[in-house]
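Welcome, and please open the model in your viewer.

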Amino acid sequence: MDAALVLGTAGSGKTTFTASYSEWLRRRFMPLRSCTANLDPGVLSLPYKPDYDVRELISVQDIMGKEILGPNGALVRAAEIMVAKMGEIVESLCSLSCDHLVIDTPGQMEIFAFRPLGRVLCERLSSCLNLAAVFLGDHEPGREMEDIVTSALLAKILELKLGVTVIPLLNKMDIWRGEGVEKVWERVLRGEVDGLDAGEGTLSDALLELVRAVSSFKSPVRVVPISAREGINYQEVFDLLSEVWCSCGDMT
Ligand SMILES: Nc1nc2c(ncn2[C@@H]2O[C@H](COP(=O)(O)OP(=O)(O)OP(=O)(O)O)[C@@H](O)[C@H]2O)c(=O)[nH]1
Ligand SMILES: [Mg+2]
């Protein structure tokens with residue numbers, strides 16, 4: 001089974017992408033089976049019907065009630081419980097009878113990515129299915145260059161942290177089409193500083209040094225602009241994921 005783990009900062013469109021991309025896969029590859037999994041224990045409602053839902057095991061609302069915690073404390077607790085129950089979660093995911101699986105992750109990405117949960121999940125899932133990740137970058141017109149560059153760096157940091165190939169996608173292109181932000185991301189992910197601050201304000205030397213440091217890692221250099229709302233550029237997303245799944249492609 002080929003699986004795409006959907007990562008991204010809060011509100012970047014992970015859930016919308018999971019719904020619309022899995023629907024695109026279903027139509028494109030019928031009669032192959034496309035499934036979805038929800039790993040966000042805090043979400044209240046979903047625009048798709050998950051084939052696996054972690055809320056059957058653990059829910060942030062239950063923890064808030066039982067352990068008298070606020071939403072973030074309860075989410076941290078839920079992440080700990082998910083790690084403790086990882087065997088059960090991975091077994092359920094890996095035993096789904098699907099050809100493609102799209103996995104939605106918690107809204108607060110740092111809880112998934114910068115605590116044991118993300119790494120443990122990726123390690124365990126990689127042993128029973130073909131795993132790649134997408135990182136949804138979020139952009140809106142008028143953003144400062146510093147914000148764009150730090151978001152792109154986050155995609156790289158996630159890859160290093162999770163030990164899984166991360167395909168950078170730039171979501172919500174329906175609201176920023178034509179700005180060429182994906183080219184800035186590509187430069188950052190290649191570690192190229194030339195042109196990064198031209199006409200856009202000066203980046204701090206420290207930030208530029210960080211970008212330079214990226215050039216010492218093997219990086220993907222294609223950043224696909226998408227719209228999860230409108231389902232734009234999904235064939236390109238699929239092609240990039242396929243290169244990772246069959247490890248036969250050159251992403252340059
Ligand atoms: N314009 C536009 N809005 C989008 C797009 N994708 C998602 N959104 C909107 O962005 C908001 C957040 O979308 P979600 O899919 O809930 O994002 P998420 O990353 O799952 O959010 P959390 O799980 O709460 O962190 C919603 O209002 C979506 O309608 C897109 O492609 N274009
Ligand atoms: Mg979500």
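Colour the protein chain by burial to start: of its 252 residues, 42% count as buried, meaning that 20 or more other C-beta atoms, placed from the backbone, lie within 10 Å of the residue's own. This is a predicted model, in which local features need pLDDT of at least 70 and side-chain atom pairs count only at pLDDT 80 or more, while totals for chains, interfaces and linings use all residues. Residues are numbered from 1 along each chain as its sequence is written, with chains lettered from A and ligands numbered from 1 in the order in which they are written.

Next, switch to a cartoon view. The protein chain has 11 helices and 7 strands, taken as DSSP runs (H or I, at least four residues, for helices; E, at least two, for strands) numbered from the N terminus.

Now select helix H6, residues 116-126. Which of its residues are buried? They are Leu 117, Gly 118, Leu 121 and Leu 125. These cover an arc of only 95° around the axis, so they sit on the same side of H6; the arc is that of the directions from the helix axis to the C-beta atoms.

Finally, show ligand 1. Of the 17 residues around ligand 1, select those that come nearest: Gly 13, Thr 15, Thr 16, Gly 107 and Arg 229. A residue counts as near if its C-beta atom, placed from the backbone, lies within 6 Å. Helix H1 (14-29) and helix H8 (173-176) each supply at least two residues of this shell, and H1 gives the most, with 3 residues.

Terms used
A residue is buried if 20 or more other C-beta atoms lie within 10 Å of its own, exposed if 12 or fewer, and partly exposed in between; C-beta atoms are placed from the backbone.
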